[in-house]
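Hi! Here are my notes on the model you asked about. Keep the structure open beside them and click along as you read.

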Amino acid sequence: MIKTEELTKVYRTEDVETTALDNLDLAIEPGEFVSIMGPSGCGKSTLLNVLGLLDNPTRGRYYFLDEEVSRLNEHRRAAFRKANIGFVFQSFNLIDELSVYENVELPLLYQKVPGAERKTRVTRMLEKMDVGHRAGHYPQQLSGGQQQRVAVARALVTEPKIILADEPTGNLDSSRGDEVMTLLGNLNKEGTTIVMVTHSPAYADYGNRTIQLFDGRIADEKLNGNFHV
């Protein structure tokens, strides 16, 4: 599904040049759940941003379903991202002024999905995430775990080919974090491909493979024995 070749990202200022990704080669198969770990500043979030087409690499190639996508113009990048990639962030990124239902519906509005289909897909996804009874509530009326479930529903409602999750349990206590990880694990068992950045070795083990980054390179990786597809 995903393949990178010599992927490099360099940030430059007048005085400093920082290499965030250093000739990184990576392959992710459909149905995998890949956990990415490493110390702060090792390139984890940069890698996720490049894979999510939120940032361009400085050098190297990025293939998504055999299409080289790193050099797409901004219009095509946005369209490709909306059609193929779902994002789950540490900070939930829900819109306070919109209800739970409206938050999940929003990406379908961007895609100009017809109203009847939007209603069916949003209702089905809220029920799947066990927050259907909260459809008319607003984000500030929910617990952190419920907000993250809504964020996952929003990521999945467009039926993306992959979910990119950046510290999805970072703002949750351990019990709520366990709930979200169980949810992601179950989604993977159903066939959803997931790439997740985490600082937690225990949560990394929910994936079938853990990659350790250091100074923008893959320093180590291990199989966790949880490949479901």
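**Notes on the cores, rings and sheets**

1. Start with the largest nonpolar core: it has 33 residues, and L126, M129 and L184 touch the most other members. A nonpolar core here is a set of buried Ala, Val, Leu, Ile, Met, Phe, Trp, Tyr and Cys residues joined through side-chain atoms within 4.5 Å. As for "buried", that is under 20% relative accessible area, with exposed over 50% and partly exposed in between (1.4 Å probe, protein chains only). Two or more residues each come from α3 (100-110), α4 (115-128), α5 (144-156), β7 (162-166), α6 (174-189) and β8 (193-197). The largest share, six residues, is from α5. Helices (H or I, at least four residues) and strands (E, at least two) are DSSP runs, numbered from the N terminus.

2. Before going on, remember that this is a predicted model: local features need pLDDT of at least 70, side-chain atom pairs count only at pLDDT 80 or more, and totals for chains, interfaces and linings use all residues. Residues are numbered from 1 along each chain as its sequence is written, and side-chain values use heavy atoms, with hydrogens and water left out.

3. What does L126 touch, not counting residues up to four places away in sequence? Its contacts (heavy atoms within 4.5 Å) are V100, Y101, V104, V131, G132, A135 and A153. There is also a second, separate core of 28 residues, with I28, I36, C42 and L51 among them.

4. Now the aromatic pairs, of which there are three. Rings of Phe, Tyr and Trp (its six-membered ring) pair if their centres lie within 6.5 Å; planes under 30 degrees apart count as stacked, over 60 as edge-to-face and the rest as tilted. F64 and F80 are edge-to-face, because their ring centres are 5.3 Å apart and their planes are at 90°. F64 sits in strand β4 (residues 59-64) and F80 in helix α2 (residues 74-84), so this pair ties together parts 16 residues apart in sequence. Both are buried: F64 has 1% relative accessibility, and F80 has a relative accessible area of 13%.

5. F87 and F89 are a stacked pair, because their centres are 5.8 Å apart and their planes are at 5°. Buried or partly exposed: which is F89? At 25% relative accessibility, F89 is partly exposed, while F87 is buried at 17%.

6. Have a look at R121 in helix α4. R121 is buried, with a relative accessible area of 9%.

7. Finally, the sheets. Another open sheet has six strands, β6-β7-β8-β3-β9-β10, with mixed pairing. Its edge strands are β6 (85-89) and β10 (217-223). Inside it, β7 and β8 pair in the parallel sense over five bridges, and I163 stands opposite I194 in β8.

Technical notes
Two strands pair if DSSP finds at least two bridges between them.
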